[in-house]
Amino acid sequence: GAVVSQHPSRVICKSGTSVKIECRSLDFQATTMFWYRQFPKQSLMLMATSNEGSKATYEQGVEKDKFLINHASLTLSTLTVTSAHPEDSSFYICSARVEDRGASGPYRNQPQHFGDGTRLSIL
Amino acid sequence: TQLLEQSPQFLSIQEGENLTVYCNSSSVFSSLQWYRQEPGEGPVLLVTVVTGGEVKKLKRLTFQFGDARKDSSLHITAAQPGDTGLYLCAGAQKGGANSKLTFGKGITLSVRP
């Protein structure tokens, strides 16, 4: 099945550091990639939607200058947490999806496939 | 904002028991997906349901999409310790290129051997 690789799996760094997380679709070209944040024992909160070659669409309350997203190719999106602080510590998960342009309605979008997440700990 | 309520929030059962958990909303979804997530890992897709009233089976797991496409249930027969995990439902309201998934808070299932 579809595989999404996320790297690194864990990061521990000092406050003020910028951290880059990569999300790659390994065996398909992802039309759209999504970045989520998940706090302990809570659900996934969508941060932004990223389409290849265009600017990311951020959800309300998510600072675009804080969480920089680059979707340079159909297989790679990156999330950079700039000047990270302890409150940015969380589990960040990406997902990738391919759009089936030959289909219609709810079948147009294939399911999202998730990476294994990145545990970010800011000291 | 489309809200997905999942219940129960926590469930601890003995191996071999059956269980049903729910995902409810006041909004209509064009599709609904169920994922299972284990600690420290990303969610893994179990099923996508699209048609109102649709029933899908995945081994011992049975998924049903409500007739009005506002709710869904997951039934597990003869639960096993390997079924332990966080079960998330997620709904998509539109089928367009930028349609987003709205996730419920999840159901934490623990199956004791």
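Read along the sequence, chain A goes β-β-β-β-β-β-β-β-β-β-β. That is 11 strands and zero helices.

Ground rules, quickly. This is a predicted model, where local features need pLDDT of at least 70, side-chain atom pairs count only at pLDDT 80 or more, and totals for chains, interfaces and linings use all residues. Residues are numbered from 1 along each chain as its sequence is written, chains are lettered from A and ligands numbered from 1 in the order in which they are written, and side-chain values use heavy atoms, with hydrogens and water left out.

Chain A, then. It has 123 residues, and 50% of them are buried. Buried means under 20% relative accessible area, exposed means over 50%, and partly exposed is in between, with a 1.4 Å probe and protein chains only. Now contacts, meaning heavy atoms within 4.5 Å. Take those in chain A with a separation of 6 or more: 57% of them are between residues 24 or more positions apart. The accessible surface of chain A is about 6,100 Å², and carbon and sulfur atoms hold 50% of it. Those areas are Shrake-Rupley values with a 1.4 Å probe; for residues, only the protein chains shown count as cover.

On to chain B. Its elements run β-β-β-β-β-β-β-β-β-β-β from the N terminus. Again, zero helices and 11 strands. The radius of gyration of chain B is 14 Å, close to the 13 Å from the globule rule for 113 residues, so chain B is as compact as a globular protein of that length. That radius is taken over C-alpha atoms, and the rule is 2.2 Å times the number of residues to the power 0.38. The C-alpha trace of chain B spans about 45 × 30 × 20 Å along its principal axes. Buried residues are 46% of the 113 in chain B. For contacts in chain B between residues at least 6 apart, 54% join residues at least 24 apart. The accessible surface of chain B is about 5,400 Å², with 50% from carbon and sulfur atoms.

Next, the cores. In soluble globular proteins, nonpolar side chains tend to be buried together. A nonpolar core here is a set of buried Ala, Val, Leu, Ile, Met, Phe, Trp, Tyr and Cys residues joined through side-chain atoms within 4.5 Å. Which residues have the most contacts inside the largest core? They are W35(A), F67(A), L79(A), Y92(A) and L120(A), in a core of 24 residues. Elements of chain A giving two or more residues to this core include β2 (10-13), β4 (32-38), β7 (67-73) and β9 (90-97). A second, separate core has 22 residues, among them L46(B), F65(B), I76(B) and V111(B).

Stay with F67(A) for a moment. Beyond four places in sequence, its contacts include R37(A), M47(A), Y58(A), L79(A) and Y92(A).

Now a contrast in chain A: I12(A), in strand β2. At 51% relative accessibility, I12(A) counts as exposed. Beyond four places in sequence, I12(A) touches S121(A) and L123(A). From I12(A) to Y36(A), 24 residues along the chain, the C-alpha separation is 19 Å.

Last topic, the backbone. Most residues other than glycine have a negative phi, and most peptide bonds are trans. Where are the cis bonds? One joins H7(A) and P8(A), with omega about 0°. P8(A) sits in the loop between β1 (4-7) and β2 of chain A. Another runs from S7(B) to P8(B), with omega near -10°. P8(B) is in the loop between β1 (5-7) and β2 (10-14) of chain B.

Then positive phi. K59(B) is not a glycine, yet its phi is about 55°. K59(B) is in the loop between β6 (55-58) and β7 of chain B. At 84% relative accessibility, K59(B) counts as exposed.

R69(B) also has a positive phi, near 55°. R69(B) lies in the loop between β7 (61-65) and β8 (71-76) of chain B. What does R69(B) touch beyond four places in sequence? The list is S27(B), V28(B), F29(B), S30(B), V50(B), T51(B) and G52(B).

Note on methods. Helix = DSSP H or I, 4+ residues; strand = E, 2+ residues; numbered from the N terminus.
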